[in-house]
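Trainee: I would like a close look at a single part of this protein. Please keep to one residue and its surroundings.

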Amino acid sequence: VQLQASGGGLVQSGESLRLSCTASRSISSSGVMGWYRQAPGQQRELVATITPGINTYYADSVRGRFTISRDNAKNTVYLQMNSLKPEDTAVYYCTLSTSSWNTRQWPDYWGQGTLVTVSS
């Protein structure tokens, strides 16, 4: 399966962005989808995940500011990012796991990444 992410860009601190990720096949019965990010010099980290049953998981650093959602009819998962901070600057990767319930399982499929830069 191919994952195509879009929506990254340069914003100022406090602003919002919405990332989108479209899968090359139906996601209605697929596994957990999510977003990970990697900042320069840092390890890749989980941001948010969502199960087919719409259960969600968020990293502590983004809980309350970011919202993940999925539209199975469009094979698309979204990440709405509000109140962005400079420390949110990273390459964001769309992911798909073969598990349908484990929101923290390391993903099996990765998109190409989209850069989000937040200036102070």
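Is R37 buried or exposed?

Mentor: This is a predicted model, in which local features need pLDDT of at least 70 and side-chain atom pairs count only at pLDDT 80 or more, while totals for chains, interfaces and linings use all residues. Residues are numbered from 1 along each chain as its sequence is written, and side-chain values use heavy atoms, with hydrogens and water left out.

R37 is buried, because its relative accessible area is 6%; buried means under 20%, exposed over 50% and partly exposed in between, with a 1.4 Å probe and protein chains only. R37 sits in strand β4, residues 33-38. Strands (E, at least two residues) are DSSP runs, numbered from the N terminus, as are helices (H or I, at least four).

The side chain of R37 has two partners to look at. Another, of 2.9 Å, links the side chain of R37 to that of Y92. A polar contact is a pair of N or O atoms within 3.5 Å; within protein, one must be able to donate a hydrogen and the other to accept it, and residues adjacent in sequence count only if both atoms are side-chain atoms.

Both D88 and Y92 are also among the residues that R37 touches, not counting those up to four places away in sequence. Contact here means heavy atoms within 4.5 Å.
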